[in-house]
Amino acid sequence: MDTVVSGIRSTGNLHLGNYFGAIKNFIRMQHEYRCFFFIADYHSLTTHPTPENLQQNVYQVLVEYLACGLDPEVCTIYIQSDLPETAEMYLLLNMNAYVGELERVTSFKEKIRKHPDNINAGLLTYPVLMAADILIHKAQKVPVGKDQEQHLEMTRTFGNRFNRLYKTDFFPEPVAFNFGETLVKVPGLDGSGKMGKSEGEGNALYLKDDAATIRKKIMRAVTDSGPVVPNSPKPEAIENLFSLMKLVSAPDTITHFEKAYTECNIRYGDMKKQLAEDMIVYLEPISRKISELNSDKEYIKKVVSRGREKAKESACKTLEDARQIIGFRRFY
Ligand code: ADP
Ligand code: TRP
């Protein structure tokens with residue numbers, strides 16, 4: 001049975017992009033594969049959270065994973081830093097990762113453009129740590145959104161390089177996985193780009209958002225004055241609104257607004273109202289579960305310690321084998 005690994009950084013609450021890009025696949029995959037889903041708290045250190053924030057964010061993501069339907073009885077849910085074996089794997093992989101190739105990674109270039117005051121080595125080697133997360137369980141499948149494709153390519157590069165160097169086939173080649181045809185990209189509400197927590201207030205819809213917040217954010221989403229020529233192509237902001245609608249609304253609803261757009265009689269206010277109501281219905285069971293689980297600290301503790309145990313078993317085995325291959329062999 002194939003092994004699956006994926007994680008989300010604990011830098012804030014989960015949003016609709018995380019859900020449709022990653023978690024929805026996690027939920028289905030957990031029943032079909034040997035799955036490890038973790039909370040990437042080492043990765044979150046690149047932005048220097050305070051100790052209180054760090055802990056709170058990890059707790060929150062864990063609660064939200066569970067609220068979405070990840071079942072600790074069928075998959076392994078753990079916290080990345082509970083597995084220091086990952087950090088050792090990262091060290092080992094770093095020896096065969098070249099600075100030049102890391103500097104060419106798009107997400108790194110974007111980070112240094114946006115935050116020129118914090119270009120730390122952790123950011124540069126972010127893809128190496130991600131490769132360590134995946135290779136530590138020898139995963140074949142990695143459910144992630146489209147934005148992570150390049151990182152996955154790097155994982156394959158590092159794993160293959162290790163295999164070549166030590167003349168082995170130890171690491172499998174992991175591929176990005178999605179149950180649909182293509183990897184998903186959920187757009188933001190601000191008219192351009194993707195939904196993300198670092199994209200500014202109002203861009204993202206969070207799984208925990210209540211009805212009033214969802215209505216407010218969607219009603220403020222960027223639109224324009226509407227088409228004047230029948231059958232005109234949609235500007236990006238409008239296309240985005242339709243993309244969001246396709247995620248949560250019924251096919252009839254979408255056809256109705258598509259037709260209105262084509263015939264130039266669309267009223268964006270109505271479309272947004274409908275989208276908001278459909279979104280509320282879609283997210284309500286998740287946000288309710290989040291509130292319920294938030295206060296169940298004992299249960300969360302149990303989930304974490306059980307997850308740690310199961311993940312450790314798998315990681316220790318891989319690390320020990322990798323050490324042997326490299327030549328760290330005991331003298332005693
Ligand atoms: P953020 O961009 O908000 O910081 P992360 O980078 O932590 O979110 O992403 C965690 C997971 O969610 C990854 O698998 C990523 O591909 C997916 N993801 C994040 N935003 C989107 C989006 N807008 N559309 C599709 N998938 C997304
Ligand atoms: N880099 C991923 C993101 O930003 C999070 C991540 C870290 C990850 N390690 C991983 C995803 C391993 C899949 C597998 O979303």
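User: How do the residues of the shell around ligand 1 divide into nonpolar, polar and charged?

Analyst: One sorts the residues of the shell by class. In this predicted model, six are nonpolar, seven are polar and five are charged. Of the 18 residues around ligand 1, those that come nearest are His-15, Gly-145, Asp-147, Val-186 and Met-195.

User: Which element supplies the largest share of that shell?

Analyst: Helix α1 does, with four residues. Both β1 (3-9) and α1 (16-29) supply at least two residues each.

User: Which polar atoms lie beside the oxygen and nitrogen atoms of ligand 1?

Analyst: Here one looks for pairs of N or O atoms within 3.5 Å. In the side chain of Asp-147, an N or O atom is 2.5 Å from an oxygen atom of ligand 1. A polar backbone atom of Lys-197 is 3.0 Å from an oxygen atom of the ligand. Gly-17 has a backbone N or O atom 3.2 Å from a nitrogen atom of ligand 1. As for cover, ligand 1 has 540 Å² of accessible area on its own, and the protein covers 95% of this.

User: Turning to strands, which way do the residues of β3 point?

Analyst: In a regular strand, side chains alternate between the two faces of the sheet. In strand β3 (residues 76-79), Thr-76 and Tyr-78 point one way, whereas Ile-77 and Ile-79 point the other way. All of these residues are buried, that is, under 20% relative accessible area.

User: How many bridges join β2 to β3, and do the strands run parallel or antiparallel?

Analyst: Four bridges join strand β2 (residues 34-40) to β3, and the two run parallel. Across this pairing, Ile-39 stands opposite Ile-79 of β3.

User: How does the reach of helix α9 stand against the expected value?

Analyst: The reach from first to last C-alpha is set against the value expected at 1.5 Å a residue. Helix α9 (residues 149-165) has 17 residues and reaches 24 Å, close to the expected 24 Å. Its buried residues include Leu-152, Met-154, Phe-158 and Phe-162. Just after α9, Lys-167 takes a positive phi of about 50 degrees.

How values were computed
Residues are numbered from 1 along each chain as its sequence is written. Chains are lettered from A and ligands numbered from 1 in the order in which they are written. This is a predicted model: local features need pLDDT of at least 70, side-chain atom pairs count only at pLDDT 80 or more; totals for chains, interfaces and linings use all residues. Side-chain values use heavy atoms; hydrogens and water are left out. Buried means under 20% relative accessible area, exposed over 50%, partly exposed in between (1.4 Å probe, protein chains only). Two strands pair if DSSP finds at least two bridges between them. A residue is near a molecule or strand if one of its heavy atoms lies within 4 Å of it. A polar contact is a pair of N or O atoms within 3.5 Å; within protein, one must be able to donate a hydrogen and the other to accept it, and residues adjacent in sequence count only if both atoms are side-chain atoms. Accessible areas come from the Shrake-Rupley method with a 1.4 Å probe; for residues, only the protein chains shown count as cover. Ala, Val, Leu, Ile, Met, Phe, Trp, Tyr, Cys and Pro count as nonpolar, Asp, Glu, Lys and Arg as charged, and the others, Gly among them, as polar. The expected span of a helix is 1.5 Å times one less than its number of residues.
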